[in-house]
Every structure is written in C-alpha cells, then in structure tokens.
Amino acid sequence: MTLLKRPVRNFIPEDFSVTTWEKVKPYFEILIERELNSLPDLEKLLKDRSELEAILEEDFAWRYIKMNCHTEDWKLRQRFTDFVEQIQPELSVWGDKLNNKIVQSNEFSELPNNPYLTYKRNLEMSVKIFREKNVPIYTELEKLSQQFGQINGAMSIKFKEEELTMQAAGQKLELQNREERETVYKLMLYRRLEDKDKLDDIMDQLIRKRHELALNAGFDNFRDYQFAAMGRFDYTPDDCKSWHKAIAKHIVPLVKSIHQRRADNLKLKTLRPWDLSVEPTGAPALKPFNDGKDLLIKTKKAFACLDPAFGQYLETMEALGHFDLESRKNKAPGGFN
C-alpha cells in the first residue's frame, strides 16, 4: 500500500514543529507586514495563512486527542494546557490583527463571492465581535472543559464482578433481563452522582464565564453571541424557537406512540429509562462487531465498496496509528480517529 502524504509546504518549513509561541510568531509577523497591492497578493496571503493555521490546528487537535485518550496522563494534560495557556491566547490576538489587515484592505472587497462568501462573512464577524479582554476567559473555558472530560473519563462501575466504563455499561442496557438492566442503569446513575458537586461547579463556572464573554462583546446573552461566533447567518434564534414548537407539536406525540408500542411489546405497564435500549421484540441485541479491531476491519470493507479510495483513506489512518476505538477507563467518551 502506498501511504497518502500531506501536500508539500510552500510557506512554512517542512521540519517546522509547534513548540513555543516564539517559534510561531515570526510567521504571523511576515503575514501582517506583507504588502497587498493586488487581488493575487491577497489570495497568496490567504493560502499562506491557511497553511500556517492548518499546522497549528493539527498540533492542537493531537494534543487534545492524546489527552482525552489518556485523561490520567499528567504529561499529556500539561502539553494540552501549555498550548491553551501559552500559544492560544497569542493566536487570538495576532489572528485578530491579521483579520483586520485583510478586512481593511482594498483587495478584500474584490474577493469573489464564489468561492469566498462564507469566508468573508465569517472574517467580518470575527473582527466585529473580538475583544482582547475575552482572550483569558477563553483560556479558562478550555481548562474547565478539560476538567469536565477528565472527571467523566475516570468513571466506571462494577457489575457481576466486572469493571465497566460508562460506555461499556451502556451496552448492558440492551440485556433482555429487566432486573439486570435496572441494576446497571442505577449503578451508572449513582456513579455520576458521586461527582455531581464537581460537575455542577464546573457547569456553574462555564455559565458565568460564557455570559461574561457575551457581555464583553456587546451581546445580551451567550446564545446571541454564539449565533454570531459560529457564523449562523442564515437562520435566527426565532427560527429555532419555531422549530422547537414544531418538534413539540409533531414529533413528541410520535415518540410517545413509539414508546407505548415498545411498552406493549415488552408487556410492561410502565416504561422506565432502562427499557429504552433493549430490543422490544425479544430478539437478542444486534452486535455487528466484537471490538475496535473488528469494527475497523468491517468499516474498511464497507467503505471500499462505496469507493476504493475511501477504503484506502482508512488504511492510511490505520497505518499511521490514528485510531483509538476501544472503550477503557480514563479515556474520554467516544472513538477517536
């Protein structure tokens, strides 16, 4: 198999790696000091910026992934924290300087809407809502989210003398034996309650800091701030409220009827939370794969049937060691790839 390779770099040296802000800063200085005398000049700047930011985003993503795959490893947590505390704040400030340079240039208005419309709208909004006093708040939000994942990753229960992660325990809710399902569900619930105060405190801090973030940027609340920050230009909070009403009117009654049919099939007078995952016909739970390795083998085959290239992408990722699909203690929920 020939491994797919990333494109050759044109702006950043091939041997460049992200270690400190001091190593990154000169490239932002080059971009900010570069003269713009034509549309091609601006497009070249955008391509070079994209290359730089792709390297930074990939480095940050790997720090995040490795930390979440091993939440107990303090060295991996520290590498992530170093980026959040030392590099990310500088990226925010210098990124805003570069955004202003681009938006205020004469060439910015010459960028054609096809393909630049989304980019232009997002860039203009970023300039509009950026506040330097929000930079340290973003750092605190990242660290609080890290703590939240660490607490959840450490959770497990014991069922029939077997220690189960919360994800593995969730699969036990497909058991046919109702008493066992109830036992597992309550064990999971009680385990979460052990960390209730810690998680509540984190959520309270997140809410306060997010509200402060929004007020600093001139918004009444975090929801309105997020609509702007996430580039939701094509629908409004009122559109979402209308959608919520439609869900309540049309979907909730449908779900109630589905739950009633499930209760009837299971011959239950009252449906409980531990009854929602079991196969209501009495058939054994579906088990399309046995473990992460089996899942990957079958996924590669399925994707290759759609297009051989899709299968090769997964082969490349596997060869590079880019999959961590198993559930285990001290791993944040989910399969990382």
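Tutor: One term to begin with: contact means heavy atoms within 4.5 Å. This is a predicted model, where local features need pLDDT of at least 70 and side-chain atom pairs count only at pLDDT 80 or more, while totals for chains, interfaces and linings use all residues. Residues are numbered from 1 along each chain as its sequence is written, and side-chain values use heavy atoms, with hydrogens and water left out.

Student: Which residues does Thr-165 touch, not counting those up to four places away in sequence?
Tutor: Thr-165 touches Met-155, Ser-156, Ser-327, Arg-328 and Lys-329.

Student: Is Thr-165 buried or exposed?
Tutor: Buried, with a relative accessible area of 8%. Buried means under 20% relative accessible area, exposed over 50%, and partly exposed in between (1.4 Å probe, protein chains only).

Student: New topic. Are Cys-69 and Cys-305 buried or exposed?
Tutor: Cys-69 is buried, at 6% relative accessibility, whereas Cys-305 is exposed, at 70%.

Student: How many disulfides are there?
Tutor: The count is 0, where a disulfide is a pair of cysteine sulfur atoms within 2.5 Å.

Student: Now helix H1. Which of its residues are buried?
Tutor: Trp-21, Val-24, Tyr-27, Phe-28 and Leu-31. They lie on the same side of H1, because they cover an arc of only 125° around the axis. The arc is that of the directions from the helix axis to the C-beta atoms. Helices are DSSP runs of H or I with at least four residues, strands are E runs of at least two, and both are numbered from the N terminus.

Student: And what do those buried residues pack against?
Tutor: Helix H2 (39-69) and helix H3 (74-103). The face of H1 turned away from its buried side carries the exposed residues Glu-22 and Glu-33.
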